[in-house]
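Hello,

Here is the structure I promised to pass on. Please open it first, then read the notes on its charged residues below.

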Amino acid sequence: MEEKEFLEEEYGFVINGSRESGAGRVLETDQGLFYLFTAPAGYKYKSKMIQRVRKHISQQQEIGMLKLVKTVEGHTHTFHDEQLYYLYRGIRELEQEDPHYACGQSLARFHQSTASFTGDKIFLPYSSLGSWPSMWRRKLRRYNEYRDELDDVRAELTAMDEYLLTCYTYVHQLGETAVQYLYAAGYDKVVKETAQFGKVAYQNFDQGFMLWNEKKSRLMAGEWDWVFDMRTRDIGQWLKAESRRNGWQDETAIRFLDGYNDVSPLLDSEYAIIYGLMLYPGRFLKLVESYHEIPEEERADVNAEVWHSHLEDELVHMETALRRYPQMIAQQYGTSIPHIDWLWRLEDENTTQNRDEAQSE
């Protein structure tokens, strides 16, 4: 069953159109607007944690939750094609004069609202707090294993395989540098120092999670994306997402950070942690994993140009962000953090020129 048909059957409406909105989608139906979000099906086990955090936030005054819409059968979420789907009733959105500043403000309010949450120790499987280095290295090991498989393969390599081999050294070194940067920035200490500022974050924070209605009330979405982690995760992920979407722009980043700082000022040490997160090529590695999951006999049919474009764009867009971020932080906030010089390539170079020397010998 196609997704559109499935959703219409589950929720009892007719979908006339849809559009992307950051982390989610806006559905135009015969019953009005709805916001649609998805998550991996395995997240269903987070239900008790989600309920507890929702209840806690509902007791706060600074930020509220969008209204969940139940399925025809009365469920608050549903499943299709190994994905968890959930829906919110649309609102009459208020357009912000300074949207990036407002987003930073609202994110800070959200973090503040979770600072007094208790019981997070009960939900350790849904916590990433303090475990970034180990998680990142685990993903890098999987990347290494895939590279080893390519070395051993006797069949002809696909265009995608060849591309991944040419950029292997660059991407792997980028990931290792990110891990080392975290340690050098005092990651473990920052984890302890910032627990007082908020306990819940998003897997991958992006626009679409924070909205404002015509009464200027702040409203949130995306609850199945919640994890227990520190606030720098959301800040770094937003900066990465915005860079991918519109390219790095100093003023955009400054307005977002100013909005956040005006509510809950960041510690100097947190700016370096954010940079470490920006360094880590998480989305690139995730895309590689998705490609690796394609059956070997089907890889020859993959549109290599499209995959290559997505992967290359990820590296190119982040290069500009990684070059500018330390300079911007020093100029705007007076905080000096180390930057990584070896990352920079000439403007007319492609990632494919960063060849694995071992492969070239």
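Is Arg54 buried, partly exposed or exposed? Arg54 is partly exposed, with a relative accessible area of 24%. The cut-offs settle that: buried means under 20%, and exposed means over 50%. One caution before going on: this is a predicted model.

Salt bridges

The count comes to 15 salt bridges. Here are some of them.

Arg54 has a partner. Its side chain meets that of Glu223 in a salt bridge, at 2.7 Å from N to O. Glu223 sits in the loop between β10 (218-220) and β11 (226-228), while Arg54 belongs to helix α2 (residues 47-58), so the pair ties together parts that are 169 residues apart in sequence. Glu223 is buried, with a relative accessible area of 2%.

Next, look at Glu289 and Arg142. They form a salt bridge too, and the closest N and O atoms are 3.0 Å apart. Glu289 is in helix α11 (residues 282-292) and Arg142 is in helix α4, so this pair ties together parts that are 147 residues apart in sequence. Both ends are partly exposed: Glu289 has a relative accessible area of 26%, and Arg142 has 35%.

Then there is Asp229 with Arg233. Their side chains meet in a salt bridge at 2.9 Å, N to O. Asp229 and Arg233 are both buried.

Finally, find Asp98, Arg255 and Asp258. A network of salt bridges links these three residues.

As background, side chains of opposite charge can pair when their charged atoms come close.

Charged patches

Which residues form the negative patch? Glu145, Asp148, Glu149, Asp152, Glu296, Glu297, Glu298 and Asp301 do. Take Glu149 as an example. Glu149 is placed in helix α4, which covers residues 132-152. Its relative accessibility is 42%, so Glu149 counts as partly exposed.

There is also a patch of positive charge on the surface. Arg138, Lys139, Arg141 and Lys286 gather there. Which element gives the most to this positive patch? Helix α4 does, with 3 residues. Arg141 lies in that helix. At 47% relative accessibility, Arg141 counts as partly exposed.

Best wishes

How values were computed. Residues numbered from 1 in each chain as written. Predicted model: local features only at pLDDT ≥ 70, side-chain atom pairs only at ≥ 80, totals over all residues. Heavy atoms only, no water. Patch = residues over 30% accessible without salt bridge, like charges linked within 9 Å, V, L, I, M, F, W, Y side chains within 5 Å. Areas by Shrake-Rupley, 256 points an atom, 1.4 Å probe, with all protein chains shown as cover. Salt bridge = Lys/Arg side-chain N within 4 Å of Asp/Glu carboxyl O. Lys, Arg positive; Asp, Glu negative; His and termini not counted. Charge placed at Lys NZ, Arg CZ, Asp CG, Glu CD. Helix = DSSP H or I, 4+ residues; strand = E, 2+ residues; numbered from the N terminus. Buried < 20%, exposed > 50% of the residue type's maximum accessible area, 1.4 Å probe, protein only.
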